[in-house]
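Subject: Structure handover

Hello,

Here is the structure I promised you. Please open it first, then read my notes below.

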Amino acid sequence: MIFYFSGTGNSLQAAKSIAEHNDEKLISIAAAINSNVDSYEYNLEDNEVIGFVYPIYAWAPPRMVLQFIERLKLSNYNNNYVFSVATCGENIGNTMKVLDASLKKKNLKLDSGFSIKMPNNYVIIGNVDSKEAEAQKLSAAEETLKHINKVIEGKGKGIFEIEKGFAPGILTSVINPLFNKNAVDTKKFYANESCNSCGICEKVCNCENIKVDEKPVWGTNCTQCLGCLHLCPVNAIQYGKGTEKKGRYKNPNIGIHEYYQ
Ligand SMILES: Cc1cc2nc3c(=O)[nH]c(=O)nc-3n(C[C@H](O)[C@H](O)[C@H](O)COP(=O)(O)O)c2cc1C
């Protein structure tokens, strides 16, 4: 049972590869949360593996992933193998510690964890990777995924192959709360004159937070996955003044319909 969250397809590519290789079900965390139920209940089969695959947002898992785990109810759990894969542009800080702590509250134990460097989609500060770096990261990610699939198939325990970066404690314990408090804000999103009201941003929004009448209008519930901005077919969606000149990224292995909520 592979639970995934993804804004621009990197984590979905990883989750799909793991699900296919291990013949596991793929479950969208965003779709579960948008179903507005009190708890997310799943029945485990014997020996079924449990995986969490998601992007890194400011050196921690997206809030939606942690909210999902808080309300997760797994029946028939019998020390099933639990792993986590975080996709990132560069590094993940102490993300695995954060995930492990949230799983512990549900009496689940994180057996192994991995990070995979994939193309960067955070264009609010910085920019997307060059086309060369993007291609290089995607091909290296395929190799890393083959290796991760072998570890998961063998239910390898205590294997933490992660790029933490410099001063991971500060990144995750200091910067991440500041990011969640100050940076996750929808007021700066807008669509410029290129917008043709196609409605794709509304369909792909992980938080069901966008309504398109003539132009998209954002509500307040956002996790800043940037799916709306990157998946807009005419690059109309902007965040503040800085993104007009920035690049856009969407994982080339994922079709647009796979993002629809
Ligand atoms: C809000 C936000 C914050 C991010 N923070 C980090 C970070 O702290 N470290 C990092 O290496 N990449 C960071 N990234 C890049 C993404 O983690 C990376 O591109 C990821 O593979 C995107 O996955 P997705 O395509 O499944 O959405 C950030 C991206 C966003 C949108």
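Leaving aside its neighbours within four places in sequence, which residues is Ile-29 in contact with? They are Phe-3, Tyr-4, Phe-5, Met-64, Val-65 and Phe-68. Two residues are in contact if their C-beta atoms, placed from the backbone, lie within 7 Å.

Two notes before the rest. This is a predicted model: local features need pLDDT of at least 70, side-chain atom pairs count only at pLDDT 80 or more, and totals for chains, interfaces and linings use all residues. Residues are numbered from 1 along each chain as its sequence is written.

**The cores**

Ile-29 belongs to the largest nonpolar core, which has 43 residues. Tyr-4, Val-53, Val-65, Phe-68 and Val-85 join Ile-29 as the residues with the most contacts inside this core. Strand 6 (residues 82–88) gives the most to the core, with five residues. A second, separate core has 20 residues, including Cys-225 and Leu-229.

Some terms. A nonpolar core is a set of buried Ala, Val, Leu, Ile, Met, Phe, Trp, Tyr and Cys residues joined through C-beta atoms within 7 Å. Buried means 20 or more other C-beta atoms within 10 Å of a residue's own, exposed means 12 or fewer, and partly exposed is in between; C-beta atoms are placed from the backbone. Helices (H or I, at least four residues) and strands (E, at least two) are DSSP runs, numbered from the N terminus.

Six strands form an open sheet in the order 2-1-4-6-7-8, with parallel pairing. Strands pair if DSSP finds at least two bridges between them. Strand 2 (26–28) and strand 8 are the edges, each pairing on one side only. Strand 7 and strand 8 pair over three bridges. Gly-113 stands opposite Phe-160 in strand 8.

**Helix 4**

Thr-95, Met-96, Leu-99 and Ser-102 are buried in helix 4 (residues 95–104). Why do the buried residues line one face of the helix? Seen down the axis, they fall within an arc of 130 degrees, so they share that face. The arc is that of the directions from the helix axis to the C-beta atoms. These buried residues pack against several elements, among them strand 4 (50–55), helix 3 (63–70) and strand 6.

Phe-166 sits in the loop between strand 8 and helix 6. Phe-166 is exposed, with 8 other C-beta atoms within 10 Å. Its C-alpha atom is separated by 7.7 Å from that of Gly-93, 73 residues apart along the chain.

Best wishes
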